[in-house]
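Subject: Structure handover

Hello,

Here is the structure I promised you. Please open it alongside this note, then read on for what turned up.

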Amino acid sequence: MEIETDVPLARLTTIGTGGPATAFARPGSVTELEEAIAWGAERGLEVRTVGLGSNLLAADEGIDALVVRLAGDLAGVEIDGELLRAGGGATNAVCLHRARDAGLGGLEFACAIPGTAGGGVRMNAGAYGSDWSAILVRALVVSAEGSGWLTPEELGLEYRHSRVRADQVVARVEYRLVPKPVAEIKLEVADLVARRKATQPTNKRTFGSVFKNPPGELGAGRMLELCGLKGFALGGALVSPRHANFVENAGDATSEDCLGLLREARRRAHQQFGVDLEHEVVFLGSLTL
Ligand SMILES: Cc1cc2nc3c(=O)[nH]c(=O)nc-3n(C[C@H](O)[C@H](O)[C@H](O)COP(=O)(O)OP(=O)(O)OC[C@H]3O[C@@H](n4cnc5c(N)ncnc54)[C@H](O)[C@@H]3O)c2cc1C
């Protein structure tokens, strides 16, 4: 397995910002993943995993770590009865297609979530009333301390949160799905995708929802819209004119530009609603609000 150096994180994140990672590897099996982790440990480098980078903001100065992106067998998908077995690096799109072709439903909610199986576990990603905790049977978690299969309860899946630590890698997952006619799955996915396109900036460079929805009736997006943030720009970063809980890279944004928008959004939400918004996007490297 090749280890590359100084790989720009801007290439690995959907927002397209972020400086270099000291080391970068694409392990294709659990053995290669363990070797990569050991290689990092020998050099005092912490391990960080990047899936599709669809919920990540990486520091402009980069990160002194070994970044891994799962590949090969650890990005594959297979169907076994009503179980879907996937590598942590398998994309949601591929999992959904394989499930649909096998006449298995349950993953439709993830049709507009552009991430991987491992990223879904780590974030307990979700939409339209469902999330990873509804389908996950167990996940194989690998770290310098060893590896083991954990249940959703052991993983502590809650609203956009899990207990998966930054140095732990979700290498494999198993989902339990349910038999469903292919035509029904297709219809439901088409409907969800259309709903998504009508309300969110689906064709822009973003990292998905910036903030978690606070408790109460008012979602983060509507709250920030009421704060007058739609279209507010800083450097190359822009609060989406379509949905105020999205930040777009409108050209040559830096992570610091994005962070500036997050700070302003939190300031205004606190001032106007007395709410301390918690960011959903994960920070990689030394970024603070
Ligand atoms: C247009 C758009 C729409 C989105 N819509 C939604 C939505 O509806 N609902 C929703 O919940 N999210 C949404 N997101 C956010 C994002 O897609 C999800 O959080 C997704 O699950 C992240 O997966 P990823 O593989 O891209 O993870 P990354 O963004 O690469 O990483 C996110 C976190 O997961 C960790 N991670 C990634 N892979 C692994 C692994 N194998 N093992 C351990 N840790 C790992 C990373 O270290 C990081 O901490 C959206 C994003 C975009 C850009």
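A pocket here is an open set of grid points with protein on both sides within 12 Å along at least five of seven lines, and its lining residues have an atom within 4 Å of a point. Keep in mind that this is a predicted model.

**The second largest pocket**

With that definition in hand, take the second largest pocket. Its volume is about 230 Å³. The lining comprises 17 residues. Nearest the centre are Ala93, Leu96, His97, Cys111 and Val189. Two helices feature in the lining of this pocket: α2 (92–101) and α5 (182–199) each give at least two residues. What is the lining made of, by class? It has 11 nonpolar residues, four polar and two charged.

**The cores**

The largest nonpolar core holds 46 residues. Leu84, Leu107, Val173 and Tyr175 have the most contacts inside this core. There is also a second, separate core, with 27 residues. Among its members are Ala237, Ala244, Val247 and Leu277.

Leu84 deserves a look of its own. Which residues does Leu84 touch, leaving aside neighbours within four places in sequence? Its contacts include Leu107, Val173 and Tyr175. Val77, Glu78, Ile79, Cys95, Ala99, Glu174 and Leu177 are also in contact with Leu84.

**The aromatic pairs**

The structure has two aromatic pairs. One joins Phe109 and Trp132, edge-to-face. Their centres are 5.6 Å apart, with 85 degrees between the planes. Phe109 sits in the loop between β8 (104–105) and α3 (117–123), and Trp132 in the loop between β10 (130–131) and β11 (136–143), so this pair ties together parts 23 residues apart in sequence.

Put together, ring pairs link Phe109, Trp132 and Tyr175 into a cluster. Tyr175 is also one of the residues with the most contacts inside the largest nonpolar core, and Tyr175 is in contact with Leu84.

Best wishes

How values were computed: Residues are numbered from 1 along each chain as its sequence is written. This is a predicted model: local features need pLDDT of at least 70, side-chain atom pairs count only at pLDDT 80 or more; totals for chains, interfaces and linings use all residues. Side-chain values use heavy atoms; hydrogens and water are left out. A nonpolar core is a set of buried Ala, Val, Leu, Ile, Met, Phe, Trp, Tyr and Cys residues joined through side-chain atoms within 4.5 Å. Buried means under 20% relative accessible area, exposed over 50%, partly exposed in between (1.4 Å probe, protein chains only). Contact means heavy atoms within 4.5 Å. On a 1 Å grid over the protein atoms alone, a cavity is a set of points where a 1.4 Å probe fits but cannot get out, and a pocket is an open set with protein on both sides within 12 Å along at least five of seven lines; lining residues have an atom within 4 Å of a point. Grid points are joined across faces, edges and corners, and a volume is the space filled by probe spheres set on the points. Helices (H or I, at least four residues) and strands (E, at least two) are DSSP runs, numbered from the N terminus. Ala, Val, Leu, Ile, Met, Phe, Trp, Tyr, Cys and Pro count as nonpolar, Asp, Glu, Lys and Arg as charged, and the others, Gly among them, as polar. Rings of Phe, Tyr and Trp (its six-membered ring) pair if their centres lie within 6.5 Å; planes under 30 degrees apart count as stacked, over 60 as edge-to-face and the rest as tilted.
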